[in-house]
Amino acid sequence: MPKSGTTWVKALTFSVAKRHLYDLRESPLLTTPPHELVPFFETDLYMKDPHPNLEQLPPPRIFGCHSHFANLPESIRNSKCKVVYIFRNPLDQVVSFFQFAHQFKHDGTPLLSLDECYENICRGVLGQGPFWDNVLGYWKASLERPDKVLFLKYEDLKEDIISNLKKIAEFLGIPFTDEEEKEGAIEEISRLCSLDNLRNLEVNKNGVRPSGAPNSSFFRKGEVGDWVNYLSPSMAENYLKIVEEKLSGSGLTFRTSQ
C-alpha cells in the first residue's frame, strides 16, 4: 500500500540487486531519487505507453507497484519474477498517507482533512482499494509461494536492518558472500539507505515528481508509533478493530509501537 515504506524498500532492493554493478560510494541513489531508479509500473510506464520497451532498462530490472497481487498480470504472477512486499502497521500507514495527501491542495485548501481521510480508509475507499485486501493478497501469496513473494514488515526493518538486508539478498538469489560480510558491505548498504541519509541527500530535498509531489515528501519522519500524535485513542481503537476483523484467521500479526 502507498506510504508503507515503498521508497525505502526500493532503495534497499536496488542497492542489494545492483551492488555488483556500482561501487556504493558512487551509487546512483546519491544523484537520483529512488522512484526514478525503480519506476512504478502503473504511473511511470504503462500509463504513458501501453507497450513500453522494457528491454531498454538494464538488468536486473526492478519495478514498483501498488496493485493488489490478484491484479498483477500473469507475466508477473506466473513467471520467475520476484516480489518484495512491504507491510506497515495500519495506524502509521493511515497517518503517513494523510500527511502525503494533505499537501495536494485546491485554491490553497487541502483536498482532504484528517477526518475525511480516516473515514475513507475505514470504509476501504482508496484508489488502491482497501488496506486489508492489498495486504492479505500478498500475505497469502507469501505463505503459498515463499520463493515468489517476500513479505517484509516495516517495523522489523526499523528494528534490524542488517538481517533483513540478508533476507532480501537471499530471496533474490544473490546472497552476500562471506567476503562481502567481512568487508562490511551490508553495513555500507544500511548506511547508504538509512532514512536519515536518504532524507538529507540533495537530490531528495529538491525536485518534483511528475505527480506534482516534491521529492522531499517521500521522506517524512519514518517513525514507528508516530500515529499517537495524530489519531485520537477512539480513532485508533476503531480502525484497529476493523483491520483485525478483516485479517482474522490469516495468521498475520503486527505491532503499532517499536
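This is a short walk through a predicted model, with something to select at each stop.

Residues are numbered from 1 along each chain as its sequence is written. Local features here need pLDDT of at least 70, side-chain atom pairs count only at pLDDT 80 or more, totals for chains, interfaces and linings use all residues, and side-chain values use heavy atoms, with hydrogens and water left out.

**Stop one: Ser-190.** Ser-190 counts as buried because its relative accessibility is 14% (buried means under 20% relative accessible area, exposed over 50%, partly exposed in between, with a 1.4 Å probe and protein chains only). Now show everything in contact with Ser-190: beyond its neighbours within four places in sequence, you'll meet Ile-161, Ile-162 and Leu-165 (contact means heavy atoms within 4.5 Å).

**Stop two: the largest nonpolar core.** Next, pick Phe-131, Tyr-138, Phe-151, Leu-231 and Tyr-239, which have the most contacts inside this core of 39 residues. A nonpolar core is a set of buried Ala, Val, Leu, Ile, Met, Phe, Trp, Tyr and Cys residues joined through side-chain atoms within 4.5 Å. Elements giving two or more residues to this core include α5 (90-101), α7 (131-144) and α14 (233-247). Zoom in on Tyr-138: leaving out residues up to four places away in sequence, Tyr-138 touches Cys-65, His-68 and Phe-151, among others.

**Stop three: the largest pocket.** Select Phe-41, Ile-62, Phe-63, Cys-81 and Lys-82, which lie nearest the centre of the largest pocket, out of 35 lining residues. On a 1 Å grid over the protein atoms alone, a pocket is an open set of points with protein on both sides within 12 Å along at least five of seven lines, a cavity is a set where a 1.4 Å probe fits but cannot get out, and lining residues have an atom within 4 Å of a point. Then colour α1, which gives the most to this lining, with five residues.

**Stop four: the cavities.** Which residues line the largest cavity? Select Phe-14, Ser-15, Lys-18, Arg-19, Tyr-22, Leu-24, Ser-27 and Pro-28 to see them. For the second largest cavity, select Arg-88, Asp-92, Val-95, Arg-220, Lys-221, Gly-222, Glu-223 and Asp-226.

Note on methods: Helix = DSSP H or I, 4+ residues; strand = E, 2+ residues; numbered from the N terminus.
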